[in-house]
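Open the model in your viewer and keep the sequence panel in view. The tour goes from one selection to the next.

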Amino acid sequence: MSHDQSPNVPAPRERRNAVREKAQQVQARQSRLRWLRRGSLTLLAVGVVTVAAVMVTWAVGSAMSRPELRPQNVTDDGFAVTSVTGVAAADVASAADDAAASATLGATPEATPSPTPTPTEAPVVDIRVYVDYLSTGSREFQLANVQQLKTWVSQAAVELTYHPVAMLTAKSNGTKYSLRAAAAAACVATHSPEEFFAFNDALLREQPEVDTDGFTDSELADLAQAAGAESPKLVRSCIEEESFLSWARDATERALNGIPETDGVTLTGTPMVLVNGVPYVGALDDPQEFSQFVLTIGSDAYYQEASPSPTETPASTETPSPAATP
């Protein structure tokens, strides 16, 4: 007996279609997962970039809204010495020689008697010292000349100004000591001007070696306090916060581009010592040579002031002689 019914088994084509459909479903699911993963990464990247942009904008905005701090008591990026106390004379050259030199400097040169009036006092000499606190030459000049500089300032024979600069910033193992020391000097000049000369001298006298780290900001503040700085907390805060670091950098750049009130002089090295705008090129460690240079410049200024301006001679009048009596 025969049967015409076929067994209930899927045909090969149906099986292939089912497999294909299932594969398409799997592929579609994987595509959705990849899209979701890619979208999440994109959103994360956008978020990171947005946060970074906000941080940069905030930092730049804060820097632009905060003006660059500028020290007080400064003229042409220099600090005039108003007091010379706090520097021991025993640490320098013979006081007798310096006193003799200063007496010569302060004296009025003897001039040939002239019917025209002449100045009774020699003009005050302007001395400007551009100093890098890591420069060995700056230290030599200070140690050799500090006592006669003190005497001249005390006698009001000179106007002494120090200009802290940072020429050797790269010579301190990355600590930027020259720059930080110049900024520290500006802090003392601003908050304790009477002790600036003593601190300036201490920075040079206790000068660290080139290519070493130099003093930390805390140690610079200690040195300022040891020099007698008033308002030690204020001075320490100024130094440790590096308040005048940008000013010191900009002041150095300005000096490299040209020094005010000179005939085109630019800063080429430290120390640069100007006497009435004329650079001193003598020995840094010879106080007598420097004293003679200052005396020469001061004498030239004196005779320039003493030179009389040309005046017109009034025409002479003759008294008529009496007529002869016949």
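Select helix H5 (residues 196–205) and helix H6 (residues 217–226), which pack with their axes 9 Å apart at an angle of about 130°. Axes here are lines fitted to C-alpha atoms, for helices over the stretch in contact, and angles run from 0 to 180 degrees between N-to-C directions. That angle makes H5 oblique to H6; angles under 35 degrees count as roughly parallel, over 145 as roughly antiparallel, 65 to 115 as roughly perpendicular and the rest as oblique. Helices (H or I, at least four residues) and strands (E, at least two) are DSSP runs, numbered from the N terminus.

This is a predicted model, in which local features need pLDDT of at least 70 and side-chain atom pairs count only at pLDDT 80 or more, while totals for chains, interfaces and linings use all residues. Residues are numbered from 1 along each chain as its sequence is written, and side-chain values use heavy atoms, with hydrogens and water left out.

Now show side chains on the two helices. Phe199, Ala202 and Leu203 in H5 meet Leu220, Leu223 and Ala224 in H6, where contact means heavy atoms within 4.5 Å. The residues of this contact divide into 6 nonpolar, no polar and no charged. Ala, Val, Leu, Ile, Met, Phe, Trp, Tyr, Cys and Pro count as nonpolar, Asp, Glu, Lys and Arg as charged, and the others, Gly among them, as polar.

Next, select helix H7 (residues 232–240). Which of the residues of H7 are buried? They are Val235, Cys238 and Ile239. Seen down the axis of H7, these residues fall within an arc of 95°, so they line one face of the helix; the arc is that of the directions from the helix axis to the C-beta atoms. Buried means under 20% relative accessible area, exposed over 50%, partly exposed in between (1.4 Å probe, protein chains only). Helix H4 (177–191) and H6 are among what covers the buried residues of H7. Just after H7, glutamate 242 takes a positive phi of about 55°.

Then go to tyrosine 133, in the loop between strand E2 (125–131) and helix H3 (136–154). Tyrosine 133 counts as buried, at 0% relative accessibility. Beyond four places in sequence, its contacts include Pro164, Tyr177, Phe196 and Leu203.

Finally, show the whole protein. There are 9 helices and 5 strands, and buried residues make up 36% of the 326 residues.
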